[in-house]
Amino acid sequence: KALRDLGYDFNSAVADLIDNSITQGKAKNLFIYFDKIRVKSDEKIVFRLFDDGIGMEGKLLQEAMRIGSENDSYSEGDLSKYGMGMKTASLSQCDVLTVISKAENRYRAGYKWDMHFINAKNDWMLLKLDNTEIITEIDINAGLFNEMFGDKSSEFFNAPSWTLVAWDDLSDIETQYNSRVSKGFSDRF
């Protein structure tokens with residue numbers, strides 16, 4: 001809860017992720033999916049950012065997901081500071097942050113911060129995704145991007161390097177969306 005109160009709004013949180021993708025990840029292309037999806041019998045708002053940058057191998061991704069990770073490669077003008085940008089920006093908006101990445105000539109790696117799991121266990125545990133979980137996440141997200149780009153989106157996950165940042169359980173945005181007087185006002189929001 002303390003990380004949520006560090007001054008990020010939705011726009012600045014997304015800007016921080018974009019900054020990471022461009023400056024740290026050397027991405028040339030970014031694809032964003034921000035919409036409602038059906039999850040079981042409910043509609044949920046989700047956010048996805050996919051970039052075609054250099055990606056991260058397992059140990060680097062694990063370090064990038066660690067709260068307060070060390071990173072001396074920031075430049076003047078970068079938005080991220082103190083090794084907390086991606087995590088703080090993301091967790092200010094969502095309760096579940098999943099990052100899957102692939103560096104060239106490396107295997108895919110995936111990690112997740114799940115605030116529901118952390119609250120239940122009363123322990124800060126970064127969850128490492130196994131290969132089956134990674135494949136499931138890729139399949140789900142390829143389906144979302146297919147809505148925008150058709151079958152071309154399957155090329156995203158077959159590229160030599162990439163990173164996917166997934167925000168789920170965007171509780172504040174869900175609350176604001178659902179508080180609107182009508183579906184029309186909610187959709188415009």
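Let me start with Arg-66, which counts as partly exposed at 37% relative accessibility, where partly exposed is the range between buried, under 20% relative accessible area, and exposed, over 50%, with a 1.4 Å probe and protein chains only. Its side chain meets that of Glu-63 in a salt bridge, 2.8 Å from N to O, the term standing for a side-chain nitrogen of Lys or Arg within 4 Å of a carboxyl oxygen of Asp or Glu. Glu-63, for its part, is also partly exposed, at 27%.

Before I go on, please keep in mind that this is a predicted model, in which local features need pLDDT of at least 70 and side-chain atom pairs count only at pLDDT 80 or more, while totals for chains, interfaces and linings use all residues. Residues are numbered from 1 along each chain as its sequence is written, and side-chain values use heavy atoms, with hydrogens and water left out.

How many salt bridges does a search of the whole structure find? The search finds five, and one of them joins Arg-48 to Asp-168, with the closest N and O atoms 3.0 Å apart. This pair links distant parts of the chain, since Arg-48 lies in strand β2 (residues 42-51) and Asp-168 in strand β6 (residues 162-168), 120 residues apart; strands here are DSSP runs of E, at least two residues, numbered from the N terminus. Arg-48 is buried, at 2% relative accessible area, and Asp-168 counts as buried as well, at 19%.

Finally, Glu-43 and Lys-36 meet through their side chains in a salt bridge of 3.9 Å, N to O, and Glu-43 is partly exposed at 43%.

Technical notes
Helices (H or I, at least four residues) and strands (E, at least two) are DSSP runs, numbered from the N terminus.
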